[in-house]
Amino acid sequence: MHTLYSADGVYRVIDQAKHARAYGLDWLVITDHGGPQHSRIGVDAVHPEIVAARAELPDLLVFQGLEWNIPNAEHGTVFVSPGPNEVTVLKEFERVYDGSRMPATHTAEENEARAVAGIAYLGGQVRQRHVDAALMLANHPSHRGLDSPHELRAWRDADPSVAIGMEGAPGHQAGGIPKPHGFGGARGYYYLKPTAASFPGFPLDAYRSWGGFDWMTSTVGGLWDSLLAEGRPWWITANSDAHAVHLDHARPGPGSDFAANGRNDDPVYSPQPVVDGDFWPGFYSRTHVGATEFGYRAVMDGLRSGRVWVDHGGLVDSVDARVRVAGGPPGAGAVLGGTLTVRRGTPVELALEITLPTTPNWAQFVPGLARVDLIRGAVTGPAADRDSFIAPRTRVVTSFEVRPGDRKLSVRFDLGRVDEPYYVRLRGTDGNRSRPGLLGADIDPCGPAMDVDGDQDPWTDLWFYANPIWVFPE
């Protein structure tokens, strides 16, 4: 979420918070752009507004964070748990480790090392009890091709309790609404081409979205799976990245001087609706976190543990996925982000319960889930090449069809006897746009289609993705 403390932001904190609550969210993170004005003015100035929003909306958890300019890479969401030191920690982190503060003489390797040091710094602040928790997620990782596979691995390895994953689906989903009603551009603004700074190994396909999701997430057997195949956590989330909302009537105050004030003036009414690329928080993109209670630490613990599934357009209401010993009781087994460890040769099964929506979403129609895909990949250990982005032993193993009018999908699927470590993950679709996956129909017979510039109505191509569950023999 961005506010008027970002140079390209329009809204006050309370504007974003009230809309988030109205559209059904329980939590959100305020992440204004890092940079000189933000570290000098914005971190301090936005804090009282965040505190006020927490007081006015006690049933909404409002985190303070920032959108980190990762040295030598793209952006990242960084946020900490509320407390007396949240501003101090964020300010110092941004002052020392933001990419905008790196000396021009730095080499790419020096900047990569500074990013790793920044993540280690956040972990140190937690261990020293300056903050209870700190998290980092890589944002829109394929947008410009800057986030190389070895950098993702380096961030994760620097402190897996802080660097927990990446944005599986970018914000700016309204950017794909066709003209004349929208930009007629690209979902997530994924319309760029590689530059000299991009990782040279990425194909051109990586610079486009696939069913609204990032190429790293949407490719079965691709980069996300190559990380999961190492047996290490790397989770996905989704966000709105809202700066200016499509068809809203607010514009920045006409006297705004961001360079001097570190903020734009309060928004003013415009008689003409704005044609822009963003939705209000919760209106389209949702990140669902399994939490043990309602609280800041519980949400951060759920994110860190990978108890997360994401969806667009309210495609499904709930996902309960468990891997358990075959025939086990209801409620048993490992959930999203978890690990089931059993004796070698033990038969195990997937128990899946998905509740389907019966009321309209915010576009005023009831989405229809058509199919759920079960994806399985072998855990083969650390990659010999840290720039690898292929997991050749990952594929769609089966699909579950959903009949029109069903209100629930209940599945018990035999995963066989455990003879090697592996993981399973799930994705689902409304079935409107599909094609064989990038690595071939034998890997992914019916995956998302590449989004076509100028014709990417986000409401007609809905998907959900869930984080993996691991199975390990002992």
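This is a predicted model: local features need pLDDT of at least 70, side-chain atom pairs count only at pLDDT 80 or more; totals for chains, interfaces and linings use all residues.

Biologist: Which residues make the contact between α4 and α5?

Modeller: From α4 the contributors are Glu112, Ala115, Val116 and Ile119, and from α5 they are His150, Glu151, Ala154, Trp155 and Ala158. By class, the contact of α4 with α5 comprises 6 nonpolar, 1 polar and 2 charged residues.

Biologist: How is α3 oriented relative to α4?

Modeller: For the opposite orientation, the angle must be over 145 degrees to count as roughly antiparallel. Helix α3, residues 86-97, packs against α4 at about 165°, and the axes are 10 Å apart. That angle makes α3 roughly antiparallel to α4. The crossing of α3 and α4 is right-handed.

Biologist: Which residues of α3 and α4 meet?

Modeller: On the α3 side they are Val89, Glu92, Phe93, Val96 and Tyr97; on the α4 side they are Arg114, Ala117, Gly118, Tyr121, Leu122 and Gln125. The contact of α3 with α4 has 7 nonpolar, 2 polar and 2 charged residues.

Biologist: Let us turn to single side chains. Is Ser39 buried or exposed?

Modeller: The term buried is applied under 20% relative accessible area. Ser39, found in helix α2 (residues 36-56), has a relative accessible area of 9% and is therefore buried.

Biologist: Which residues does Ser39 touch, and with which side chain does Ser39 form a polar contact?

Modeller: Apart from residues up to four places away in sequence, Ser39 touches Lys91, Glu94 and Arg101. With Arg101, the side chain of Ser39 forms a polar contact of 2.9 Å.

Biologist: Is His47 buried or exposed?

Modeller: His47 also lies in helix α2. At a relative accessible area of 19%, His47 is buried, since the cut-off is under 20%. With neighbours within four places in sequence set aside, His47 is in contact with Arg54, Gln64, Glu86 and Val87.

Biologist: Where is a cis peptide bond found?

Modeller: Lys179 and Pro180 are joined by a cis peptide bond, with omega about 5°. Pro180 is located in the loop between β5 (163-169) and α6 (215-218).

Biologist: What is the phi of Asn72, and where does Asn72 lie?

Modeller: Asn72 is not a glycine, yet has a positive phi of about 70°. Asn72 belongs to the loop between β2 (61-69) and β3 (75-80). With a relative accessible area of 31%, Asn72 is partly exposed.

Biologist: What is the phi of Tyr189, and is Tyr189 buried or exposed?

Modeller: Tyr189, a residue other than glycine, has a positive phi near 60°. Tyr189 is placed in the loop between β5 and α6. Its relative accessibility is 18%, so Tyr189 counts as buried.

Note on methods: Residues are numbered from 1 along each chain as its sequence is written. Side-chain values use heavy atoms; hydrogens and water are left out. Contact means heavy atoms within 4.5 Å. Helices (H or I, at least four residues) and strands (E, at least two) are DSSP runs, numbered from the N terminus. Ala, Val, Leu, Ile, Met, Phe, Trp, Tyr, Cys and Pro count as nonpolar, Asp, Glu, Lys and Arg as charged, and the others, Gly among them, as polar. Buried means under 20% relative accessible area, exposed over 50%, partly exposed in between (1.4 Å probe, protein chains only). A polar contact is a pair of N or O atoms within 3.5 Å; within protein, one must be able to donate a hydrogen and the other to accept it, and residues adjacent in sequence count only if both atoms are side-chain atoms. Axes are lines fitted to C-alpha atoms, for helices over the stretch in contact, and angles run from 0 to 180 degrees between N-to-C directions. Angles under 35 degrees count as roughly parallel, over 145 as roughly antiparallel, 65 to 115 as roughly perpendicular and the rest as oblique. A crossing is left-handed if the near helix is turned anticlockwise from the far one by less than a right angle, and right-handed if clockwise.
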